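Here's a quick briefing to read alongside the model. Have the sequence and the 3D view open, and follow along topic by topic.

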Amino acid sequence: MPSGDADEELQGISVTASTHQDTPTEDSDSRRWKAVCPLDTLADDGSVHVDVTGYAVCLARSRGTVHALLDVCSHGQVALSDGDVEDGYIECWLHGSRFSLDTGVPTGPPATQPVPVYPVRVVGDRIEISLPAAPDDPAPC
Ligand code: FES
């Protein structure tokens with residue numbers, strides 16, 4: 001059981017740019033939210049990689065809004081979180097395709113396939129995301 005220590009690690013969640021960890025929470029709609037990092041970890045027009053229960057996630061912040069998407073470019077399997085964020089898009093650092101942070105859809109080649117986007121919210125000073133259940137992620141009780 002977590003003691004509430006902000007530096008304590010929760011099994012299955014790691015954050016590249018922060019040591020903050022937290023426990024999952026649930027909404028009335030039973031969506032399972034997981035706190036992944038403090039909001040101030042993510043600068044505007046910035047991005048960060050987080051690993052959450054088997055998912056590589058890119059958190060990006062643009063025009064004051066936080067977004068979450070799979071941290072794998074649909075063209076070359078590199079981390080989108082290493083790219084540049086601007087005006088609601090993230091640009092893949094390898095070949096330059098730009099992906100909408102709202103939809104995951106690329107604006108042009110070489111990427112032609114979208115990347116999955118995930119629900120994200122800010123609760124107080126922390127970012128929470130909701131991911132599909134991973135095979136090794138037990139359903140909430
Ligand atoms: S690897 Fe991302 S556009 Fe080619």
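**The big picture**

Of the contacts in the protein with a separation of 6 or more, 41% are between residues 24 or more positions apart; two residues are in contact if their C-beta atoms, placed from the backbone, lie within 7 Å. Keep in mind that this is a predicted model, where local features need pLDDT of at least 70, side-chain atom pairs count only at pLDDT 80 or more, and totals for chains, interfaces and linings use all residues. Numbering starts from 1 along each chain as its sequence is written.

**Confidence**

- The mean pLDDT of the protein is 81, and 72% of its residues reach 70 or more; pLDDT is the predictor's confidence in each residue, from 0 to 100.
- Residues 1-23 have a pLDDT below 50, and beyond near neighbours in sequence this stretch has 35 contacts in the model.
- Where pLDDT is low, the predicted coordinates should not be read in detail.

**Overall make-up**

- The protein has zero helices and twelve strands, where helices (H or I, at least four residues) and strands (E, at least two) are DSSP runs, numbered from the N terminus.
- Read from the N terminus, the elements go β-β-β-β-β-β-β-β-β-β-β-β.
- Out of 141 residues, 30% count as buried; that label takes 20 or more other C-beta atoms within 10 Å of a residue's own, while exposed is 12 or fewer and partly exposed is in between, with C-beta atoms placed from the backbone.

**The core**

- The largest nonpolar core has 26 residues; such a core is a set of buried Ala, Val, Leu, Ile, Met, Phe, Trp, Tyr and Cys residues joined through C-beta atoms within 7 Å.
- Val36, Val50, Val52, Val57, Leu59, Leu80 and Ile129 are the residues with the most contacts inside this core.
- At least two core residues come from each of strand E3 (32-38), strand E4 (46-52), strand E5 (55-62), strand E6 (65-70) and E12.
- E5 provides the largest share, five residues.
- Leaving aside neighbours within four places in sequence, Val57 is in contact with Val50, Val52, Ala68, Leu70, Asp71, Tyr118 and Ile129.

**A look at Cys58**

- Cys58 sits in strand E5, and counts as buried because 27 other C-beta atoms lie within 10 Å.
- Val48 is ten residues away along the chain from Cys58, and their C-alpha atoms are separated by 5.8 Å.
- Not counting residues up to four places away in sequence, Cys58 touches Ser47, His49, Leu69, Asp71, Leu80 and Ser81.

**The E7-E8-E9 sheet**

- Three strands form an open sheet in the order E7-E8-E9, with antiparallel pairing; two strands pair if DSSP finds at least two bridges between them.
- Strand E7 (84-86) and strand E9 (98-100) stand at the edges with a single partner strand each, so one side of each has no neighbour in the sheet.
- On average, neighbouring strands of this sheet are turned by 25° against each other, direction ignored; axes are lines fitted to C-alpha atoms, for helices over the stretch in contact, and angles run from 0 to 180 degrees between N-to-C directions.
- Strand E8 (residues 89-91) and E9 run antiparallel and are joined by three bridges.
- Glu91 lies in strand E8, and its bridge partner in E9 is Arg98.
- With 16 other C-beta atoms within 10 Å, Glu91 is partly exposed.
- Once neighbours within four places in sequence are set aside, Glu91 is in contact with Gly83, Asp84, Gly96 and Arg98.

- Strand E11 (residues 120-123) and strand E12 (residues 126-130) pair in the antiparallel sense over four bridges.
- Ile127 in E12 is the bridge partner of Val122.
- Two residues lie between the strands of this hairpin, and Gly124 takes a positive phi near 65°.

- Arg63, in the loop between E5 and E6, has a positive phi of about 50° although it is not a glycine.
- Arg63 is exposed, with 11 other C-beta atoms within 10 Å.
- Gln77 is placed in the loop between E6 and E7; not a glycine either, Gln77 has a positive phi of about 60°.
- Gln77 counts as exposed because it has 8 C-beta neighbours inside 10 Å.
- A cis peptide bond joins Pro109 and Pro110, with omega about 10°, and Pro110 is in the loop between E9 and strand E10 (117-118).
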